[in-house]
Amino acid sequence: MLPARLPSISSRCNPRGNDMANTDLTANADLKSMHGDLLALNQKLSNSLDDITDAAMARAVVTEMREIVHRIDLIQGLLFAASAKKISDAVKAVDQANQQALKSLDQIKTVTGVVRTVSGVLTLVDKAIDIAKTLAIA
Amino acid sequence: MLSIAAFARLRAGLNYALLGGLLSLAAGCATVQQPQVEAFHQGVSAAKVQLDTAFASINRMVTQDEIDRAITLPNLKDEDVIAVLDADSVARWDTAFAKIDQYAANLTLLISPDNAKDFGTATQGLADAIATLSPNSLPSPTLSTAFAEFGRILIEVKGQHDAVAAARTADPGIQKVFSEMAAVIGESSQGAGSLRGTVRSHWQLRMDDKRADFLAVQGEARRSVVTNYIALRDQRDAQDLQLGMLRQSILDLAAAHGALARGSNIDLNSAVALIQQELDATRALAEHFQSLQSQGQ
């Protein structure tokens, strides 16, 4: 039987503290493995209820399961925090691509603007030539 | 001897042939279609909404079970009532989605037909201005329209080329982000380290709580216990299906982006079609799960 309150996993694994930033792949693999072991233990306790007909004993098993599930939650919390850090690191490549896309959009806008400006200048030149022709005739 | 009119017609014909050739060359480049890129963009937004809903319901369930445990303890500590998906980490997921969303929006803009149309209009204006200034410089007044079309296609090709280049830059990061997200959710509810495993353990606890209740009562009193047990089992299955479908949508978003980075329209089309179906199914499952929860309450 498990004690009513197991030694804190979070105190051993230091959840979400500054040390979390230094959590390496091995630590994450260990946590994942521990999570898997606890899931298996929870399943085993659940299976044991198939043969229990005494209400008090069944309640004791469920109480133990509650303790195990709490520890599953603690480890899941640590794994989730570690994965969120990995996601933050990986998304930096998207920033770079985003800048690339924005630069290209700017280039398209600029070249369109240049063509419009040249058209405008030519239209003005055209008008100037017309005026010059009118003045020459006069 | 060619007449002047016949010579002019021949010159115009040659110019059209040259422009036609250039247009065909430009149109022959690998392209990605704006609707597909827009569908990828919408898929990213829809996946985020579904994830938010899934995360909120997971945190609610965990909190309820943590409270059930906490009331049996001699004293209360912060770690006794944790939020399994803590706010800082959820915010990191949100930021990742926001960045991918913004990037996808810019890709959509980059290959928008409006850019090419604007440039085509400007080019036509320039051709018209040249023709007015020097009528002999263009063989035919209608050539300015073809010139504009050429300009439009050039910009379209540049937009598509640059979009694919940006996608290539983003792809390694996008693949890592989506594969990490899919791994967190988990391939199955038995998987070590997966959210699906954690969620299943909570449903198992709740269902086994009912099994203990069952032994404590007799006869007709057992009916409501069994009914509750079945309701919990249905909720467990609905939530697991929802999470599984969400994971698949995320993997297909990764596949769609991979196709985009390769400039493969066929792969992009099929991935986008799958994403749409899966997100619709995820939404339906989420609604089904919520209705089961309401019935349970």
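**View 1. The contact between chain A and chain B draws on 60 residues from chain A and 68 residues from chain B.** Two residues are taken to be in contact if their C-beta atoms, placed from the backbone, lie within 7 Å. The side of chain A that touches chain B receives at least two residues from each of helix 2 (25-48), helix 3 (55-90) and helix 4 (92-137) of chain A. Helix 4 of chain A contributes the most to that side, with 23 residues. By class, the residues on the side of chain A that touches chain B comprise 28 nonpolar, 20 polar and 12 charged. Here Ala, Val, Leu, Ile, Met, Phe, Trp, Tyr, Cys and Pro count as nonpolar, Asp, Glu, Lys and Arg as charged, and the others, Gly among them, as polar. The model is predicted: local features need pLDDT of at least 70, side-chain atom pairs count only at pLDDT 80 or more, and totals for chains, interfaces and linings use all residues. Residues are numbered from 1 along each chain as its sequence is written, and chains are lettered from A and ligands numbered from 1 in the order in which they are written.

**View 2. Helix 4 of chain A passes helix 3 (residues 87-110) of chain B, their axes coming within 9 Å and crossing at roughly 25 degrees.** The two helices are therefore roughly parallel, a term for angles under 35 degrees. Axes are lines fitted to C-alpha atoms, for helices over the stretch in contact, and angles run from 0 to 180 degrees between N-to-C directions. Among the contacting residues are A:Val94, A:Ala101 and A:Leu105 of helix 4 of chain A and B:Ile100, B:Tyr103 and B:Leu107 of helix 3 of chain B. The residues of this contact divide into 10 nonpolar, four polar and two charged.

**View 3. Chain A contains four helices and zero strands.** Helices (H or I, at least four residues) and strands (E, at least two) are DSSP runs, numbered from the N terminus. Of the 138 residues in chain A, 32% are buried. A residue is buried if 20 or more other C-beta atoms lie within 10 Å of its own, exposed if 12 or fewer, and partly exposed in between, with C-beta atoms placed from the backbone.

**View 4. B:Glu187 lies in the loop between helix 5 (143-185) and helix 6 of chain B.** B:Glu187 is partly exposed because 14 other C-beta atoms lie within 10 Å. B:Arg247 is 60 residues from B:Glu187 in sequence and 7.7 Å away in space, C-alpha to C-alpha. In helix 6 of chain B, 16 of the 22 residues are buried, so the helix is largely enclosed by the rest of the structure.

Notes
Parallel < 35°, antiparallel > 145°, perpendicular 65-115°, else oblique.
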